[in-house]
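Here's a quick briefing to read with the model open beside you. Have a look at the fold, then work through the notes by topic.

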Amino acid sequence: MTYLITGASGQLGTEFVHHFQKRGLPFAAPPETHLDITNAACVKEAIAAFKPSVILNCAAYNDVEKAEEDATVANAVNGQAVEILAEACKRNKIFLVHYGTDFVFDGLKEAFYTEEDQPGPLNNYGLSKLLGERYLKESGCLFLLFRVSWVFGPGKQNFLYKLQTWSASKPVIKVVDDQVSVPTYTGDIVSATVKALEQNLEGLYHLTNNGCASRYDIARFFLGKTGYQGEIIPVSTSAFPSKVARPAFSAMSNDKLSSTLQISIPTWENAVDRFVKSQAF
């Protein structure tokens with residue numbers, strides 16, 4: 001298979017680039033300036049140039065706060081762009097892999113969400129991602145839709161990077177303990193995606209590490225690994241006023257994917273431990 005990666009400079013796109021480079025597999029990862037997925041003509045040109053058999057759509061608009069203020073860009077990148085990619089993939093018989101989010105759920109279930117649960121986004125970001133899911137399913141193209149959550153990996157676009165930055169200058173760090181989901185490592189997302197493609201999976205799956213955690217749980221575990229000597233204090237979400245409503249419990253079950261692929265996806269603690277060792281914090 002020949003792969004075309006969109007959003008190649010993001011943390012997930014970067015992980016795929018490293019994976020393919022290490023294994024000597026054919027891929028193209030043009031910068032966003034050369035592959036604007038919101039531009040149908042640009043997508044058409046990229047497909048003609050690279051002739052991929054699989055497109056990995058790692059591009060996303062993840063600024064939850066800005067999306068609440070103005071949903072235009074979020075809808076364009078997370079919604080309409082997916083429609084453009086899906087239609088192009090259908091025309092050219094290309095398999096499309098797209099990544100969704102736990103934020104399509106409202107967090108009221110108080111149990112792990114499965115693929116059968118009905119979405120109910122609380123904010124514009126979640127709505128934009130759900131829009132992309134709907135375009136994908138209605139397009140008629142062959143696809144894999146992986147919902148992921150609280151993604152972390154090398155780069156500056158995740159909660160662990162924020163924690164590391166805060167720990168460098170703050171003797172006390174306050175972290176919310178009433179938002180719970182599943183921290184998910186880019187390395188494990190890539191491994192599961194590749195295995196799913198090898199086994200010709202199609203459709204919707206939840207792709208997360210095992211277990212679940214609050215932001216506070218993650219902070220304690222991660223900063224404990226990095227040697228932080230300060231205080232970590234649990235606080236409620238109300239301590240950080242925001243216009244954005246976030247699900248209190250959006251942890252998703254990966255049972256469907258794990259059983260289908262016959263794999264055991266590592267726990268989030270194991271994933272954070274491997275990430276810390278790889279980054280030499």
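**Strand pairing, salt bridges and a loop threonine**

The side chains of Thr-237 and Asp-178 make a polar contact of 2.6 Å (a pair of N or O atoms within 3.5 Å; within protein, one must be able to donate a hydrogen and the other to accept it, and residues adjacent in sequence count only if both atoms are side-chain atoms). Keep in mind that this is a predicted model, where local features need pLDDT of at least 70 and side-chain atom pairs count only at pLDDT 80 or more, while totals for chains, interfaces and linings use all residues. Residues are numbered from 1 along each chain as its sequence is written, and side-chain values use heavy atoms, with hydrogens and water left out.

**Around Thr-237**

- Thr-237 sits in the loop between strand 12 (231-235) and helix 9 (255-261); helices (H or I, at least four residues) and strands (E, at least two) are DSSP runs, numbered from the N terminus.
- With a relative accessible area of 30%, Thr-237 is partly exposed (buried means under 20%, exposed over 50%, partly exposed in between, with a 1.4 Å probe and protein chains only).
- Leaving aside residues up to four places away in sequence, Thr-237 touches Val-176, Asp-178 and Gln-179, where contact means heavy atoms within 4.5 Å.
- Between Thr-237 and Tyr-61 there are 176 residues of separation in sequence and 23 Å in space, C-alpha to C-alpha.

- Strand 5 (residues 143-148) is mostly covered, with 6 of its 6 residues buried.
- Cover comes on both faces of strand 5: Phe-143, Leu-145 and Arg-147 are buried on one side, and Leu-144, Phe-146 and Val-148 on the other.
- Strand 5 pairs with strand 4 (residues 95-101) in the parallel sense over 6 bridges; two strands pair if DSSP finds at least two bridges between them.
- Within that pairing, His-98 has Leu-145 of strand 5 as its bridge partner.
- To get from strand 4 to strand 5, the chain passes through helix 5 (residues 124-139), a right-handed β-α-β crossover (with the strands pointing away from the viewer, the path from the first strand over the helix to the second runs clockwise).
- Strand 10 (residues 203-206) also runs parallel to strand 5, joined by 4 bridges, and Tyr-205 in strand 10 is the bridge partner of Phe-146.

**Salt bridges**

- How many salt bridges does a search of the whole structure find? The count is 6, taking a salt bridge as a side-chain nitrogen of Lys or Arg within 4 Å of a carboxyl oxygen of Asp or Glu.
- One of them joins the side chains of Arg-274 and Asp-188, at 2.7 Å from N to O. Arg-274 is in helix 10 (residues 268-279) and Asp-188 in helix 7 (residues 186-198), so this pair ties together parts 86 residues apart in sequence.
- Arg-274 counts as partly exposed because its relative accessibility is 30%, whereas Asp-188, at 10%, counts as buried.
- Asp-273 forms a salt bridge with Lys-225, with the closest N and O atoms 3.3 Å apart. That pair links distant parts of the chain, helix 10 for Asp-273 and helix 8 (residues 215-226) for Lys-225, 48 residues apart.
- Asp-273 also forms a salt bridge with Lys-277, the closest N and O atoms being 3.3 Å apart. Both of these residues lie in helix 10, 4 residues apart, about one turn of the helix.
- Through shared partners, salt bridges join Lys-225, Asp-273 and Lys-277 into one network.
- Lys-225 is partly exposed at 39% relative accessibility, and Lys-277 is exposed at 62%.
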